[in-house]
Amino acid sequence: MNKIAIIYSSRMNYTKKYAQWIAEELNCDIFHCKPTLKELLPYDYIIYGGGYYNGTINGLDYFINLVNCLPKKFVLFFTGVSNLTQEEIVATSKNFLGDNYGKIEKIFYFRGGLNYKKLNPLSKAVFVRFKKSPQNFNSEQKYILNHLDTEFNFSNKTFISPLLQYFN
């Protein structure tokens, strides 16, 4: 049986919730943020989860360091407010992982949410800029941009099914 560790970094707790659900279902250890390399040595698989913000994943530098330092099997999941297609997930992953894309055994995307009030000033500024060019967005994205005073939570435990199937 493979020993699995989940590491997650979460700003608005959507990624945290998915990490907890996965840990419960796979009966594996879970770490918030950055365990040491020594702490990760006993594991066969490392699942990393982070929120997708402004073109990158929260904690991505740490994750890439793990990929390049440990002889482990890596699985990545990331969360975001958008309803991405498989093509968008692949293109986005290749963009932020660059040369490390091929080192990740499997990548999953789970729809999370958005709480504008919890964003840092830079992220808020990005959304303000987005609102000024709505022609680049689909109707759902436009709706979210026009209702930033509302928290959007699309999290759903059933979304982790493909990841669970991958390990079973």
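**Exercise 1. Charges over rings**

Find which ring R111 lies over, and at what distance from the ring centre.

Solution. R111 lies over the face of F154, at 3.7 Å from the ring centre. Next take the lysine: K124 is placed over the face of Y116, 5.5 Å from the ring centre.

The model is predicted, so local features need pLDDT of at least 70 and side-chain atom pairs count only at pLDDT 80 or more, while totals for chains, interfaces and linings use all residues. Residues are numbered from 1 along each chain as its sequence is written, and side-chain values use heavy atoms, with hydrogens and water left out.

**Exercise 2. Strand β6 and its partner**

Solution. Begin with the elements: helices (H or I, at least four residues) and strands (E, at least two) are DSSP runs, numbered from the N terminus. Strands count as paired if DSSP finds at least two bridges between them. F77 has F108 of β6 as its bridge partner.

Then look at the connection. β5, α4 and β6 make a right-handed β-α-β unit; right-handed means that, with the strands pointing away from the viewer, the path from the first strand over the helix to the second runs clockwise.

Last, check burial, which means under 20% relative accessible area, with exposed over 50% and partly exposed in between (1.4 Å probe, protein chains only).

**Exercise 3. Packing of helix α3**

List the buried residues of α3 and the elements they pack against.

Solution. The buried residues in α3 are L60, Y62, F63, I64, L66 and V67. They pack against β1 (4-9), α2 (37-40), β3 (45-53), β4, β5 (73-80) and α4, where contact means heavy atoms within 4.5 Å.

Now consider N58, in the loop between β4 (56-57) and α3 (60-69). Its relative accessibility is 14%, so N58 counts as buried. Neighbours within four places in sequence aside, N58 is in contact with S9, S10, R11, Y48, G50, G51 and Y53.

**Exercise 4. Aromatic pairs**

State the geometry of the F63 and F74 pair and of the F78 and F96 pair.

Solution. Rings of Phe, Tyr and Trp (its six-membered ring) pair if their centres lie within 6.5 Å; planes under 30 degrees apart are stacked, over 60 edge-to-face and the rest tilted. The whole structure holds 17 aromatic pairs. For F63 and F74, the ring centres are 5.8 Å apart and the planes at 85 degrees, so this pair is edge-to-face. Because F63 lies in helix α3 and F74 in strand β5, the pair ties together parts eleven residues apart in sequence. Both F63 and F74 are buried.

For F78 and F96, the centres are 5.3 Å apart and the planes at 85 degrees, so this pair is edge-to-face. F78 lies in strand β5 and F96 in helix α4, so the pair ties together parts 18 residues apart in sequence. F78 and F96 are both buried.

**Exercise 5. Cysteines**

Solution. A disulfide is a pair of cysteine sulfur atoms within 2.5 Å. The search of the whole structure finds zero disulfides.

Conventions. Lys NZ or Arg CZ within 6 Å of the ring centre and 35° of its normal.
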